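Q: I'm new to this structure and would like a close look at a single part, the open sheet. Could you take me through it and then show me how the surroundings look?

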Amino acid sequence: MNNSMDMYNRKERNTDHFCHMICGYFMKDDDLPEHDDDDDFEGEEEEMQFLNYQEMNGIGQGKQLYEGRKMKSCQGILKDLDRPNISNKVAAPFHFIDPWWKISILRTRFLTGDKRTRYPKDGTSLTYQIRQDDKVVRDKLVNMFLTKTLSKAEERQENGQNGNDSYIYIDEFLQYLEHSGNNRRLKFENLEELIKEFENFLPEDNKISSENVMRALNTTEWACISKALKYPKLVSHLSQLLPMQFKAIMENPENESLVKDLSKALDLKPWVFGFKKLLNKDYDLVGCEAALMSIQRAGLFDDLDQVNKEALIIYDFLKTDSRQNGHTQISLAKLKMKMENECRVFDEALKFLKRHKITKEVEIDNDMKVCLQQLYNYERKITEGINTLYKKQLEDPWELDVDLESEEFERVRGDKEQLEAAKMLLKYPIVVISGKGGCGKTTVVTKVMSSQKEKEKDKKEDLDEENKKEEWEEEMSQIDGRDEIDLNDYKYSQKTRDNINDPDFPESEMFSSPADRVPDSEILCSPEDGTAEPQEEDPRDSSEPIIIYTAPTGKAANLLGRRANTNGFTLHQIIWSYKFYVTQKDPDAKWKFRHVKTLVVDECSMVAVSTFSTLLTTLMENSKLRKIVLLGDVRQLPSIEPGNLLADIFKSTYPIKSAIELKTNHRAESNLIIQNATYISEKRYPIFSSEHNFALHEVPKEGNDMHDV
């Protein structure tokens, strides 16, 4: 069995539900030493919540996105509710720390060098319940809740009332409870009922106190408490299954229907939480998925039927294998062999995944392959997008108007491969330029694209002058006599209208200057009904880009932008700008990149298939994209994400001569760097040179002190 499978088995075994569990209510302790908020939990990594094109559009159509966020670590004391003398020093990214929450840390650990403070062993160890013990009344927790929420509500009010009013209303409510003998019932599960009784007690013309106390039930704090009271099992498990989205789901006061449905799902089909696609499809929940390990640690896995168990195991293995090895597919026979010790009903489990469109089987070179449906869709969308661009080019040819014989391209002409790349840029819709650093990839692209941009700018200015001339000639040709001028014609200047009856008014001044014309508000309307005439938007008049320069990292994007003398963007900036656009409520909003005709992607070997597919689909559907330029090094290691985007596209476009590899290095100082990078990629020993700052630094053997080196 290979290493990936060994790792997979080790991960599965590490699924204890309880390990040194502690519980109680939280008390902040400022005397505790500072804790590093960036401390990673075992097996826990925070990733930016990636959304594909379909998911972003789903949000725009009303599906709910709960942004994943890592909670800030908080340190203090967890006071045991059953044993008053027992307390534990803790530090954890708690979702709630108010004393009315009973917090359980199911699995704890000590850090090296600190045997006093307990930390969660992983990011799915925290659970929450609303306290319903007798100490809720004794410690006046509901009083504290009302004071906190109503004070905050008053602070948020513009032109609010006196800051002490909330205390007056709370006191009136508490006095009513004491006089009516209901003060012992003041717990969270009874609060709404008690406030309504208070309202009924007050006279009809003086219910301001009950109305103000009732405001506490319209807060995010009460939304969390209410859900914990109605759906205690779901709340206890949701913090373990979806810890990053848990608080956002709890705080939303308008998702009662969703929470109710998720509660039913937890009882009837808890496996659904392990599949993002099903949560999206069945519950309109975008970007949420519980890991197999989270389902196991939450104690839900053992109660599933065998098919659902094995479907989750296969799905988790496919995700793990694709991330570790960069695969977007695996042989069916190989998958079955790897799963033989894990699955008893492999065929039924795989059918389950195919039926729900979580996996897909495709035949390649007479071998049946299994792939994740989402990865398959990403690659299919890239293929469709590239084919569409080629088809558009055949139907409506678009070539860049750049003179490669000009003085500006003298250095480019000095390198045969650079010149060939420049020619490709002029006529092909997809161009892939590969080469190591210093071979001139970005130089060629930015020179060609900048020249095209200047050409379009000059063309626009020439066209504007030509249009003005034609407009003048048309206006003059319409004049047969001053008595025939139609004063309602919006073409005529205001000066003409004012002086039409003056016999000495020169004809040459009838159409004097653009500033003297009828205002634009009148020009855009017809004289008959004043209705605005639609005006076609000219992208050349827009400050929004027609060519966008992108890269996977901010540093690379900024460098590329500087070389092109414009702004550079990361791929995720373009994607997230579209997400922001589709979630806006403004119907007149327009996407910033809707005019884009050319996309340039640098460092393309680092780009994930999922990212590029989402970007390409977004631009194909919402811009005027006609050309893609991919830059990178096909000999460089691919992205750590599944797929090998640059190498695959290079391989398919090279036979049709729209891909080229530049081999001449034009940076003398980087020759040794490139040579050593090549040696290392080929698993050969590099060249060490003190002159060029290449030195061998020995790593100490295990057990040696680093200071001895």
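A: **A close look at the open sheet**

Six strands make up an open sheet, in the order E15-E14-E16-E17-E13-E18, and their pairing is parallel. At the edges sit strand E15 (568-570) and strand E18 (659-662), each of which pairs on one side only. Direction ignored, neighbouring strands of this sheet are turned against each other by 20 degrees on average. Keep in mind as you look around that this is a predicted model.

Let's zoom in on one pair. Strand E14 (residues 547-551) runs alongside E16, and the two pair in the parallel sense over 4 bridges.

Now for what lies against the strands. Helix H25 packs on the sheet and touches E14, E16 and strand E17 (627-632). The direction of H25 makes about 165 degrees with that of E16.

Follow the chain between E16 and H25 and you come to a loop: strand E16 covers 598-601, helix H25 covers 609-622, and Glu603 lies in the loop between them. Glu603 has a phi near 50 degrees, a positive value in a residue other than glycine. Is Glu603 exposed or partly exposed? Its relative accessibility is 30%, so Glu603 counts as partly exposed.

Strand E11 (residues 359-364) and strand E12 (residues 367-372) pair in the antiparallel sense over 6 bridges. Ile364 stands opposite Asp367 in E12. The two strands form a hairpin with 2 residues between them, and Asp365 is found in that loop between E11 and E12. Phi of Asp365 is near 55 degrees, again a positive value in a residue other than glycine. With a relative accessibility of 73%, Asp365 counts as exposed because the cut-off for that is over 50%.

For a look at helices packing on each other, turn to helix H5 (residues 165-180) and helix H6 (residues 191-201). These two pack at an angle of about 90 degrees, and their axes are 11 Å apart. That angle is why H5 counts as roughly perpendicular to H6. On the H5 side, the residues that meet H6 are Glu172, Phe173, Tyr176 and Leu177. Their partners in H6 are Leu191, Leu194, Ile195, Glu197, Phe198 and Phe201.

Stepping back, here is the setting for these parts. The protein has 27 helices and 18 strands. It has 709 residues, of which 48% count as buried. Among contacts between residues at least 6 apart in sequence, 68% join residues at least 24 apart. The protein exposes about 38800 Å², and carbon and sulfur atoms supply 46% of that area.

Finally, how far can you trust what you see? The average pLDDT of the protein is 83, and 76% of the residues score at least 70. Over residues 510-535, though, the pLDDT is below 50, and this stretch has 41 contacts in the model beyond near neighbours in sequence. Residues 37-47 also stay under 50, and the model has 21 contacts for them beyond four places in sequence. Where pLDDT is low, the predicted coordinates should not be read in detail.

Note on methods: Residues are numbered from 1 along each chain as its sequence is written. This is a predicted model: local features need pLDDT of at least 70, side-chain atom pairs count only at pLDDT 80 or more; totals for chains, interfaces and linings use all residues. Side-chain values use heavy atoms; hydrogens and water are left out. pLDDT is the predictor's confidence in each residue, from 0 to 100. Contact means heavy atoms within 4.5 Å. Two strands pair if DSSP finds at least two bridges between them. Buried means under 20% relative accessible area, exposed over 50%, partly exposed in between (1.4 Å probe, protein chains only). Accessible areas come from the Shrake-Rupley method with a 1.4 Å probe; for residues, only the protein chains shown count as cover. Axes are lines fitted to C-alpha atoms, for helices over the stretch in contact, and angles run from 0 to 180 degrees between N-to-C directions. Angles under 35 degrees count as roughly parallel, over 145 as roughly antiparallel, 65 to 115 as roughly perpendicular and the rest as oblique.
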